[in-house]
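Student: Please take a close look at one part for me, the backbone, and walk me through it step by step.

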Amino acid sequence: MSEEEKGDEKEPKKNDEEESKDEEDEEEDRKKRLEKGDYMIQVHVIEARDLKPRDFGDTSDPVAEVSVMAKKKSTQIHKESLTVMFDERLSFEFRNLEPEELNQGKATIEVFDANVIRKNVLIGSFEFDLTQVYYKKHHELYKQWVALTDVTGDNEGVQGYLQVTIVVLGPKDEQYIHPDSEEFDTSGSLLNVMMPPQVETDPHLLKVYIHQLDKLMIMDKLTKSSDPYVLVKFAGVENKTTTYKKKLDVHVHECVTIPVMEPLLGNTIILHVKDHDVAARDDIIGAFTFSYNKVKKNKMNNRWVHMYGAPSGKQKKLADKMNRAIKEGTTYRGSMLLGMEVEPDPNDEELQAECIKANWNKKDAPKIKQWVLQVDVYQGVEVGDGKGKFQIKMMIRDLKIKTDFAVCQKGACEWYEIMKLPDADSKDDTIDLRMPADPEQCPDVIFYLVEKKTGFDTSDNVISYLRFKWTDLLKKGFATPPAWYTFKSSDVLHKMGEEDFPGTILLGLRAGLKEDKPKYGVPVTARPFLNVDANEDPLEAIQRSNSNLGDEPSKSATASVSGSQDPLIPTRKRSQGRQPGKLGAAETMGQLQVTVVNAQNVPAMDRGGNSDPYVEVTVNGSTQKTSVQKDTLKPTWNETFTFNGISIHDSISMQLNDWNRFGKKNKIGKVDNIILMGLLQEAKGQLGVDFNYTKKFFVSEKFTNCTVTISISFDFDAKQAQQRREKKSTIGIFDKVTKEKSKSKSNGVAIMGRPYPRNYKMVVYVYQARNLAALDDSGFSDPYFEVTYCGKRAKSRTIKKTLNPQWMESVTLNVDVPQPAEYAPGIRCSCYDWDRFSGNDLIGRFFCPFSDVIEMMTERKPRWYHLYDMQGEEMEGKVYMAIEFIDANQKSEPIFKIDKTANPYYLHLLTIGVRNMKSALGVHKPQIVYTAPLAGSVEEIATDPSSNPSSKNANFLVIQKL
């Protein structure tokens, strides 16, 4: 057996499915290689030969017109010639181009016979697929001869030959410089001519079966309908279905055929669902792209595809890109049932573009299965401009489900609702959906953050959105815990200000087949806030390891559970508590005792350098006050207050004030939302078991070291439900609140649980930034850094006229971090350019994930973070920073420090020379210029110009110092 045969035996031949998979992977890799950014397409029209005459004297006046994605440029006109040396380069620049725009982009070269009075007459044309050019070596089609054909059909056969070079350069691509031997080689041969589809001898027929259009968007507001048809475009040929008047749901059953001659330079099949207009341009309802090679390899059986784009009535600029499936759409616009195949070797009668009736059998329809979706909506942070009323709305095709409106306070909203169908049973926690059995054919799930209309607004405002593919939701399964999701802003929905954020929402999302749904309700892991977790909080573990007390717990935070031998370490086993799913509403009730122990680091509020502090404690709408401690900054009260009819899900509010005899009290600080369930978890207790807990709280945003210590005692007692007093809701003039709605949040908390806030001091160390964008006319910016977390905000000082600021400072916030820590939201960080007479401009921003904070504190190392613009695109600038959280109950040293010590360093630059310098304008005397950000400004140093021994190979031989 030969070596070649042995090699064949070792590597078995791939089957069709494996080859198809390889092609799909290759195409995905190609899409990944395309980046959003600036693109330059250069078309070098070199020469034309053997052009067919269009004038009466058997001659022509040729001119080449190049069209690239709606931009057109032309060469000069050459009089009375059929062989022309054009030698003209036409360049097309496209800013901020989306990868899908390039994927759908075409370059068309048309050669006309120019006329002064009459319209130019087409001699022939050729069309290129831009992505096919981009994926070639050096991103170019070099000195390629193409055969021109008359696509109007007036003249058959080849109408001439044209030699061109096409270069497609994207972000970070550099144009390849060909050797002079290649560049000036004029012996181009017509043996390797790229033939257009119309003259090739290998015919194929692309068949697109359109069976149904379903739930289309209303495009004609007067008739509340649309006039839809489907347009198919491929290989320079367009064909369409019949237009259906005033229809939103149509059974089409038509076959659109496109004749194809291989080999092809293009691969993208484009389908547009359009609305026909008599007096205006037809509007696009939705668009799809498919791979011709994939369809040719494997027939596409009938399947559902879904259209997404801009909201109704929007068709221009960004909306147009969404409707063409270039940018991600925010809105469902309809569905289509279609199939596709490529028929080889059709006969001459079949090889034409036509629309014929397609056979249909119900057995060919995609199979349907019963799916379920579970959605828990907890809370949101960094919502809009931080005020107003907001709801979460979900859409699956035309199905709409929404929560109640919740009041936003300091950028935070709380819903605690389970999304259900309008007619669902009160105990049902799932949404039943009949959808295709193939998950790839199921529609996307879109969530919207909606602000309630105010004043003269006619409708609610959609602030932001978040879109999930059904396949992505299936990966989560039924046991996935909730997670924070940052919504996306879009100008087609709402024009956001630079200080507005689209919102970060805590959602529990679970999906799957109904037959796979757990029989015994929602798994414990899917609703973790109902469970009392005895595991140590990661922040607490870091603080403990950093504490001077070693492994000994701090005496400022103590806990005890009934039956424990040691007041610091609960010994009662977890099984002795009650399971949260089995606790009735009354069994979560009890009596609460709050003892206000003392306060420390109270600021001096009076002229004498002292204060008269007292504390107000509010639980379930009932407020009680301590006595006033006169002339002291370290008051001690040890006063106890009793509250009856309290739920373990209730919260405590505590406010520290300075008393005045004749004037209004001075508020020193306040802590809201001290949830009893959270204190139970910190105490390592169990539901249904009485517990005590003592804790110190940071209370002031202004006076960040001021603390108040309280001790609480909670005794579970179902009889306390009879003493429950519901606090009165604050109702606005235009609000309508029913008794059922007022209880919806408390019911949701009892079923879903809630993350509890834990009081920390957050210290943000802002060191420096690099390569910031220049937003002032001077070419610099006046940057400052701002951090926002859970409704609290702080910022650094402003450094004038620099793109590389060194702040070297820390900012402090007293915040309530949602617990457990793995469910804490990210930290919003922004960099602004300060302006004296106008609003400050956003330079860039980013979210620091809470997991990063844990890692930074563990590794004791700051990090660099890239800035992003409002659309989420990465910018060049970046910030060096660190964050740590400090618990008032832990005595530990700061993890990070600001070291302002400056050490002088010198940068020595040795410049030897340059070689093989080239320029389109020639090289005279090259010079090397170095630029470096030094001492808060930009320093520049340059060599002297040199042409020794020659301009293209200059030597400098100099050492310079910065």
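**Loops and a sheet**

Tutor: Let's begin with proline 949, found in the loop between β48 (937-942) and β49 (955-961), where strands (E, at least two residues) and helices (H or I, at least four) are DSSP runs numbered from the N terminus. A cis peptide bond, with omega about 5°, links asparagine 948 to this proline 949. The model is predicted, so local features need pLDDT of at least 70 and side-chain atom pairs count only at pLDDT 80 or more, while totals for chains, interfaces and linings use all residues. Residues are numbered from 1 along each chain as its sequence is written, and side-chain values use heavy atoms, leaving out hydrogens and water.

Next come two positive phi values. Methionine 69, not a glycine, has phi near 50° and sits in the loop between β2 (62-68) and β3 (71-74). Its relative accessible area is 22%, so methionine 69 counts as partly exposed (buried is under 20%, exposed over 50%, partly exposed in between; 1.4 Å probe, protein chains only). Lysine 215, also no glycine, has a positive phi of about 50°. Lysine 215 belongs to the loop between β10 (202-214) and β11 (228-234) and is partly exposed at 31%.

Finally, a sheet. Here 4 strands form an open, antiparallel sheet ordered β32-β31-β34-β35, where pairing takes at least two DSSP bridges between two strands. At its edges, β32 (622-625) and β35 (666-675) each pair on one side only. From one strand to the next, the twist averages 15°, using axes fitted to C-alpha atoms and angles from 0 to 180 degrees between N-to-C directions. β31 (613-619) pairs with β32 over 4 bridges, and glutamate 616 stands opposite lysine 625 in β32.
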